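Please open the structure in your viewer and keep the selection tool at hand. The tour goes from the whole chain to single residues, one stop at a time.

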Amino acid sequence: NRSSDLGEVVYEVVLEVSLVQSMALAKLRLDSAELSHLLTKAERDRAKACLLRELNVVQKEIHALEEAEKKNGSATGGEQTPSKPKVYAAKITTYGWDQSDKSVKIYVNLPGVDKLAAENVKVAFDTKSVCLDVLGLKGKNHQLHILNLLEAIVPDKSSHKVKSDSVAITLVKAKASKWDSLVPSKKKEPSLPPVDKDADPNKSIMDMMKNMYQDGDDEMKRMIAKAWTESQEKKTKGLDDD
């Protein structure tokens, strides 16, 4: 009947609005994190003030969207709207990826996704992020939001395709290269050897430097090599002066 049809339309509109808000929130939270990081690096008072003002604006927008999301649940209320089963959000944590010099492909296994309407599978691309939202699949809204890709992509040229029980996402690289990983890996902190009070202090220092060199990144290795070279040069100069 007419009442039921109206309820269906309202429900679909609310789902669409919820998806748009979810993607906007993800981007705003990424902006907030980057502004906070820049704020810790800023040294000039004027630069700090500018960053803080912009951070406050972004956080207000985040709060407004969060409040709007809370109200979406009541948007389909009323006697004329048919009741709908509650839909839960489910984060996608398992997926595969492959690459060529020019693109990256992400493969997400979702049984039954090919049976959904096309508008229920949404993918949003940004310069360094990709957000997949699959609505209403077996009572859940499935989400894969990767907000910190290793390198930049070209959003307008990137795409997705729904296949049998899966979604394939193609990210077009902004610059042809090989990615070591899909997202940046955390730097490994250099490990320090246990302290032996009875050991020769010079030997302990050498062992510590050796471990730091082996475990450190390229910058750490350059610093240690430079310090070692300068130390040897000073020793040689001291012998020459004698």
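What follows is a walk through the chain, with something to select at each stop.

Before selecting anything, note that this is a predicted model, in which local features need pLDDT of at least 70 and side-chain atom pairs count only at pLDDT 80 or more, while totals for chains, interfaces and linings use all residues. Residues are numbered from 1 along each chain as its sequence is written, and side-chain values use heavy atoms, with hydrogens and water left out.

**The whole chain**

Begin with a cartoon view, where the chain shows four helices and eight strands, counted as DSSP runs (helices H or I of at least four residues, strands E of at least two) and numbered from the N terminus. Followed from the N terminus on, the elements read α-α-β-β-β-β-β-β-β-β-α-α. Of the 242 residues in the chain, 26% are buried; here buried means under 20% relative accessible area, exposed means over 50%, and partly exposed lies in between, with a 1.4 Å probe and protein chains only.

**A patch of negative charge**

Next, select Asp 31, Glu 34, Glu 54, Glu 61 and Asp 126, which gather on the surface in a patch of negative charge. Helix H1 (2-41) and helix H2 (45-72) are the elements that give two or more residues to this patch. Such patches are made of residues with over 30% relative accessible area and no salt bridge, like charges being joined within 9 Å; Asp and Glu count as negative, and the place of the charge is taken as CG of Asp or CD of Glu.

**Two salt bridges**

How many salt bridges does a search of the whole structure find? The search finds two, a salt bridge being a side-chain nitrogen of Lys or Arg within 4 Å of a carboxyl oxygen of Asp or Glu. In general, side chains of opposite charge can pair when their charged atoms come close.

Select Lys 178 and Asp 101, which form a salt bridge with their closest N and O atoms 4.0 Å apart. This pair links distant parts of the chain, 77 residues apart, with Lys 178 in the loop between E8 and helix H3 (201-215) and Asp 101 in the loop between strand E2 (96-99) and strand E3 (103-109). Lys 178 is exposed, at 54% relative accessible area, whereas Asp 101 is partly exposed, at 43%.

Then move to Asp 114 and Lys 115, whose closest N and O atoms are 3.2 Å apart in a salt bridge. Asp 114 is partly exposed at 29% relative accessibility, while Lys 115 is exposed at 67%.

**A buried threonine**

Select Thr 170 in strand E8 (residues 166-172), a residue that is buried because its relative accessible area is 17%. The side chain of Thr 170 makes a polar contact of 2.9 Å with the side chain of Lys 105, that is, a pair of N or O atoms within 3.5 Å, of which one must be able to donate a hydrogen and the other to accept it.

**Two loops with positive phi**

Finish with Lys 138, in the loop between strand E5 (129-137) and strand E6 (140-146), which has a positive phi of about 55° although it is not a glycine. Lys 138 is exposed, with a relative accessible area of 67%. Asp 165, in the loop between strand E7 (159-163) and E8, also has a positive phi, near 60°, and Asp 165 is partly exposed at 29% relative accessible area.

Methods: Patch = residues over 30% accessible without salt bridge, like charges linked within 9 Å, V, L, I, M, F, W, Y side chains within 5 Å. Areas by Shrake-Rupley, 256 points an atom, 1.4 Å probe, with all protein chains shown as cover.
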